Amino acid sequence: MARLQNKTAVITGGTTGIGFETTKQFVADGARVIITGQNEERLQSAAQELGSNVIPVLADVRVLSNLNTLAERVKVEFGGLDVLFVNAGIGLFAPLEAIDEAFYDDQFDINVKGAFFTVQKLAGLLNKEASVILNASAVHEKGAATGSVYFATKAAVRSFARTLATELASRRIRVNTVSPGFIPTNFQSKMGLSPEALDSFGEYVKQSAPLGRFGRPEEIASAVVFLASNESSYITAADIVVDGGYMNV
């Protein structure tokens with residue numbers, strides 16, 4: 001039997017990259033999925049490609065009224081929710097002296113505020129023994145020049161998983177993080193790095209990882225499916241690192 005048969009799920013940022021690939025695997029494993037995105041055209045295109053078990057909802061995770069709308073849609077479409085994958089995020093790099101308030105706020109608003117309030121607004125709809133997965137990053141315990149703000153946002157996401165796991169435990173809801181390494185997607189093109197700097201950073205990560213290669217979106221998706229399924233029923237507050245060994249050496 002498919003691991004997510006008849007489960008209901010929400011995946012934020014589900015139109016591209018890791019979110020899109022995870023949605024694809026969720027559907028293949030039997031789930032019905034609501035995906036969110038900020039771009040209407042991209043959202044509709046992704047949903048059409050993913051098939052009839054995927055429902056697109058236009059939502060910006062920075063805007064709490066959008067999250068209220070998302071919660072209402074979940075209630076109408078599903079009644080309750082078995083899986084929540086908080087995936088929407090951005091990552092921008094800049095040296096300390098070049099960082100302004102907007103640069104700081106954009107990342108904390110999407111990666112931290114957006115993640116927290118997504119869970120808060122949907123928490124009341126989570127079924128008993130539901131699974132919440134937050135997309136952190138293999139950098140949440142690292143430090144690197146020009147990554148100060150982005151790395152800090154992902155450390156906050158990792159912290160959320162620990163505290164929310166304790167707060168939701170009375171309902172047997174599990175909360176975990178998945179921490180991807182360097183996964184070539186369109187995410188990297190939005191980091192604000194020059195092509196040369198991006199290539200240099202990517203090569204550094206690849207050479208630092210024992211497996212010596214970049215990861216693939218489907219490898220992250222497989223870890224999320226595991227955390228969403230009953231196979232991980234005794235795992236909570238944990239961090240599943242999928243980075244070729246980069247963070248732990």
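Thr36 stands opposite Val57 of strand E3. The structure is a predicted model, in which local features require a pLDDT of at least 70 and side-chain atom pairs count only at pLDDT 80 or more, whereas totals for chains, interfaces and linings use all residues. Residues are numbered from 1 along each chain as its sequence is written, and side-chain values use heavy atoms, with hydrogens and water left out.

Strand E2 (residues 32-37) pairs with E3 in the parallel sense over 5 bridges. Helices (H or I, at least four residues) and strands (E, at least two) are DSSP runs numbered from the N terminus, and two strands pair if DSSP finds at least two bridges between them. Strand E3 (residues 54-58) is mostly covered, with 4 of its 5 residues buried; buried denotes under 20% relative accessible area, exposed over 50%, and partly exposed the range in between (1.4 Å probe, protein chains only). Together with helix H2 (residues 40-50), E2 and E3 make a right-handed β-α-β unit. A crossover is right-handed if, with the strands pointing away from the viewer, the path from the first strand over the helix to the second runs clockwise.

These elements belong to a wider arrangement. An open sheet is formed by 7 strands in the order E3-E2-E1-E4-E5-E6-E7, and the pairing is parallel. E3 and strand E7 (239-242) stand at the edges, each with a single partner strand, so one side of each is left without a neighbour in the sheet. On average, neighbouring strands of this sheet are turned by 20 degrees against each other, direction ignored. Axes are lines fitted to C-alpha atoms, for helices over the stretch in contact, and angles run from 0 to 180 degrees between N-to-C directions.

Strand E6 (residues 174-180) pairs with E7 in the parallel sense over 4 bridges, and Thr177 stands opposite Asp239 in E7. H2 packs on the sheet, where H2 touches E2 and E3, and the direction of H2 makes about 175 degrees with that of E3. Contact here means heavy atoms within 4.5 Å. Helix H7 (residues 217-228) also packs on the sheet, touching strand E4 (81-86), strand E5 (126-135), E6 and E7; the direction of H7 makes about 170 degrees with that of E6.

Helix H3 (residues 64-77) packs against helix H4 (residues 101-123) at an angle of about 35 degrees, with the axes 9 Å apart. Leu64, Leu67, Asn68, Leu70, Ala71 and Val74 in H3 meet Lys113, Gly114, Phe117, Thr118, Lys121 and Leu122 in H4. By class, this contact has 7 nonpolar, 3 polar and 2 charged residues. Ala, Val, Leu, Ile, Met, Phe, Trp, Tyr, Cys and Pro count as nonpolar, Asp, Glu, Lys and Arg as charged, and the others, Gly among them, as polar.

Val112 is also found in helix H4 and is buried, with a relative accessible area of 12%. Not counting residues up to four places away in sequence, Val112 touches Gln107, Thr153, Ala156 and Phe160. The C-alpha atoms of Val112 and Val61 are separated by 9.9 Å, the two residues being 51 residues apart along the chain.

Most residues other than glycine have a negative phi. Glu129, although not a glycine, has a positive phi of about 65 degrees and is placed in strand E5. Ala237 likewise has a positive phi, near 65 degrees. Ala237 is found in the loop between H7 and E7 and, at 25% relative accessibility, counts as partly exposed.
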